[in-house]
Amino acid sequence: MVDRPPTIRSSVDVPQHRGFSDSAESSRPPRLVGQLVGRTAEYDRITALVRGVGAGRGAIAIVEGEPGIGKTSLLAALAQLAAAQDVKVLRGRTRELEQRVPFAAMRSIRPTTGTVASSSGKPIPLEYPAPSTDKGEFSRELATSECFLAATEAYCRAAGPAVVILDDAQWADSSSLFTLRRLGEAVQRIPLVIVVAVRPLPRESEMSALLAQYASWGAEHLRLGPMSEPEVAALVEIALGSPAGPHLSALVSGAGGNPLYVIELLAGLMRAELIELGEITAESGDFTVGGSGTLPLPRSLTDAIARRLDFLPSPARQILPMAAALGPGVEAIELATVLDAALIDVWTVISEAFEAGLLVRVGAELVFRHELIRQVLAEQLPTSTRSTLRRRAARILMSMEAPVERIAAYLRTNDAPLDTNCLEWLIDVADTLMTRAPQLAVILLTRAKATAGLDAERGNALQVHHVRALLCNGEAAQAEAAARRALAEDAAAVAGRPDQTHDSLLWLLAHACFVQGRVSDALAVAESALTRTDLTPQQQGRYRGFCALSYVLLERFDAAEEAAAQAVSIGEASADPVTSELGYAALGALRFNQGFLGEAQELGHKLTQGHDADDGGRAPLSLLAPYALTGQCLTELDRLPAAEKTLGQAVRYSEHNNGLHLPATLLELARLHFLQGRWDDAMTDLRSCRDAPDVFGQLPAVEYFVALIAVHRGTLTITALPPAPNRRAGSRSYRHVHSWVDALAHEARRPDLALKTMVDACAAAAAGPNAATIYHLYPDMARLAAITGRSDVADKVASAAEELESRYSTHSRHGTAALCRGLAENRPALLREAARSFREAGRPWYEGQAHENLAALLAMSGHLDEARAALGDAVERYTGLGAQWDIARVEARLREYGIRRGRRGPRNRPKSGWAALTPTERKVADLVAQGCSNSDIATTMFLSPRTVQSHVSSILAKLDLQSRVQVAVAMTRQNS
């Protein structure tokens with residue numbers, strides 16, 4: 001039995017329409033015709049009724065959705081399945097012009113398979129004779145209805161199970177609706193399925209009554225919503241033959257998930273030769289999504305949209321274009337005020353548009369669901385009218401104290417110069433605007449600066465705000481250039497009498513240099529500012545905090561200690577959150593490096609508390625990563641789930657705040673996953689890190705961690721060793737990981753050299769930025785010291801581990817100290833204690849190390865059975881990680897004592913297929929199959945969208961699939 005038509009890909013419909021044709025002028029790929037993209041769940045529900053009618057069970061289904069959403073294609077797929085299962089199909093479609101023609105809808109219903117023969121070979125006709133009667137109108141309707149019912153029932157009884165499909169039923173005449181109601185009663189006694197497809201609006205009262213009656217009889221009600229992002233992407237890829245680029249994807253998103261609008265848009269762009277290799281061509285790149293750019297909409301699309309808006313009442317067709325001209329959001333009181341119209345009239349129009357699906361609720365706001373529809377409506381008004389409306393809206397919203405970004409959007413789309421009132425408003429709200437909509441702030445402030453006849457006070461204020469807006473918008477180089485130009489023009493600074501504008505520009509200049517990774521240049525600006533004697537305490541505190549943060553990155557820790565303490569003191573005394581946060585961040589980093597986790601965690605808490613308490617009134621201080629310190633502390637405190645959640649928050653914050661600290665936070669997340677034994681997830685984090693902006697030179701460290709995992713998995717070759725650390729701060733911070741990899745890679749040939757490499761690395765890192773995490777190397781150092789007979793080194797490593805634990809004890813620190821001391825003094829009991837501690841800490845690879853060393857000590861002392869058991873425990877931990885190099889090493893280490901182990905089950909996770917997915921990838925795949933976007937998955941799983949995309953790419957590779965839609969199909973089959 002065939003359950004699905006072979007043309008189904010997995011999702012929603014690619015409708016046939018005049019936008020594509022078979023002519024030479026068309027760019028439509030022939031393979032597009034008849035394919036269904038999406039609607040898997042709806043298809044399964046409605047085709048279950050067809051399969052049921054084959055067993056003699058009648059049923060009713062209602063398919064509801066806006067124009068172009070895919071109702072017709074779903075019905076076509078249903079008809080195809082019915083024919084494949086030998087269920088007869090009677091299909092009809094109503095016409096708007098025939099709404100008042102009695103029985104027009106019923107007369108449109110005809111068999112789709114031609115003549116049907118009975119068992120005797122005689123053809124079975126479907127005839128709807130019109131009875132002759134002289135009775136009244138009602139009697140004639142009843143008699144005619146009886147003829148339709150009799151003919152349909154006779155056909156079904158003779159031909160067998162059947163499905164009656166009526167498309168665009170919203171235009172059905174009242175006589176046909178009366179007949180359909182009576183036909184609905186027949187599904188209880190004949191093998192018949194009735195399927196009607198309707199729009200939400202318009203809907204006559206008789207149609208509403210029919211649907212209510214069907215619902216009371218248990219009809220299956222399918223409401224077709226917009227396509228998901230993955231479905232739209234699949235639809236575009238099928239249409240174009242290649243995935244959509246970012247600009248085209250952004251433009252297509254304006255279709256609001258309506259497949260008809262997506263295809264019409266693509267068709268128009270292709271006919272105009274504005275698409276090449278899945279992307280909008282450079283010649284047409286001058287546009288912004290939302291209709292404010294120069295890229296015109298295809299005529300076929302605007303015509304299609306206009307036709308589908310004809311059903312709106314006249315007041316709606318008058319008011320909605322003006323609402324659309326004002327922007328994507330619609331607010332009744334605001335719109336009524338701008339239009340000087342009665343609120344009840346405006347509200348009625350908004351309600352009708354909402355019922356029709358033109359408007360949807362996003363949070364507390366109503367917005368146009370289709371940006372393309374909004375653009376078509378707005379362009380019905382002359383340009384001068386749109387400009388006047390926006391100016392009026394901006395003035396009214398200023399008086400209403402509306403959201404600043406909404407007012408700014410009106411000012412941006414109005415080409416008229418900003419008047420005095422607008423300039424004053426912009427200066428007053430600049431901080432809030434650049435926090436909420438930095439790009440809008442840059443555009444408006446750039447225009448405002450160019451206003452003729454500005455007085456000095458307004459000009460200075462606009463200069464400072466402009467530089468800050470550029471910083472908030474991630475344009476640090478432009479901000480630096482603007483600040484230097486403004487400082488050079490500052491006459492007061494030249495005269496040696498710095499004013500407030502000069503102070504603000506100097507601070508922003510230091511900031512701009514810092515966020516470009518030029519820490520020494522930024523520090524020079526801050527230190528020069530501190531030489532002045534006229535600084536206020538707040539200014540002094542901010543520069544001290546800034547210097548402290550710079551000193552930490554430059555590894556000038558003594559200077560950082562002093563400057564951070566001063567910043568904290570001044571910030572707390574003056575209640576200045578910026579100064580305090582800078583001091584907390586620098587001092588917290590120092591305490592973490594020194595191993596004092598309690599103090600570091602307290603400072604991290606103060607930092608996040610101060611940041612979270614910010615009311616959003618000041619522009620974000622992108623110098624800081626407010627959640628990263630707490631995440632690092634939680635990792636070292638062995639509170640791994642909380643650490644993962646906090647570091648995920650840190651990653652998302654960095655992504656939305658210019659990405660300055662994104663590589664560092666992703667590296668910390670990778671380190672956490674490495675310690676947890678989630679090495680595949682660590683690799684995903686590291687792949688995401690490679691795509692992040694590398695301001696401080698941390699990308700070499702990514703390769704160190706990749707190589708570290710490769711060493712343990714036995715896939716790293718000597719020739720593939722990562723390059724040595726460079727002089728940049730990000731690379732220097734992880735130089736001990738590079739030495740770790742180097743030592744392990746050479747261990748098999750020169751264990752003495754491997755030990756020396758690690759000892760030197762620990763000595764170099766003792767006063768470095770990662771001194772508190774250098775103990776991660778201690779178990780390998782202790783093992784190498786035992787193997788090479790260096791008891792002096794073993795004792796020093798044990799003492800160092802115990803010293804670190806004395807500063808703050810955790811399960812992992814205690815396990816490290818116990819392991820190192822146990823090896824130094826040949827005490828198996830301590831190694832058992834270490835294994836328990838590492839298990840409590842959630843560090844399986846280190847637990848494996850403890851079991852491995854325990855096995856070696858037991859074997860040396862002749863306890864071979866116990867050694868064999870410990871060996872098994874070690875191999876079990878390593879096997880779970882795919883640590884083939886560690887398995888080979890421990891087996892070779894125990895082999896000299898005559899201890900071998902039998903093979904027990906599979907040793908590796910498969911490389912492909914569902915079994916190859918990690919637990920995290922499996923959860924991501926589940927959410928992809930549910931139609932969740934990357935941002936939805938990121939929010940659900942406390943990941944960044946960048947990391948989610950890496951997981952999705954890995955899933956596609958392991959399952960040998962090409963799209964998210966295919967993941968959904970494969971998941972359905974996997975779970976069935």
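Guide: What follows is a set of questions about a predicted model.

Visitor: What makes β5 and β10 edge strands?
Guide: Six strands form an open sheet in the order β5-β4-β8-β9-β3-β10, with mixed pairing. Strands β5 (110-111) and β10 (220-223) each pair on one side only, so they are called edge strands.

Visitor: How do you know that β8 and β9 pair?
Guide: Pairing needs at least two bridges. Strand β8 (residues 162-167) and strand β9 (residues 192-198) have five bridges, in the parallel sense, so they count as paired. Ala162 stands opposite Leu192 in β9.

Visitor: Why is helix α2 said to pack on the sheet?
Guide: Contact means heavy atoms within 4.5 Å. Helix α2 (residues 71-84) touches β3, β4, β8, β9 and β10, so it is described as packing on the sheet. The direction of α2 makes about 160° with that of β4. Helix α6 (residues 205-216) lies across β3 and β9, at about 140° to β9.

Visitor: What makes a set of residues a nonpolar core?
Guide: Its members are buried nonpolar residues joined through side-chain atoms within 4.5 Å. The largest such core has 142 residues, and Leu411 and Trp425 are among those with the most contacts inside it. Helix α22 (residues 500-515) gives the largest share, ten residues. Apart from this core lies another, of 83 residues, including Leu666 and Tyr878.

Visitor: What share of the protein is buried?
Guide: Of the 976 residues, 56% are buried, that is, under 20% relative accessible area.

Definitions and conventions. Residues are numbered from 1 along each chain as its sequence is written. This is a predicted model: local features need pLDDT of at least 70, side-chain atom pairs count only at pLDDT 80 or more; totals for chains, interfaces and linings use all residues. Side-chain values use heavy atoms; hydrogens and water are left out. Buried means under 20% relative accessible area, exposed over 50%, partly exposed in between (1.4 Å probe, protein chains only). Helices (H or I, at least four residues) and strands (E, at least two) are DSSP runs, numbered from the N terminus. Axes are lines fitted to C-alpha atoms, for helices over the stretch in contact, and angles run from 0 to 180 degrees between N-to-C directions.
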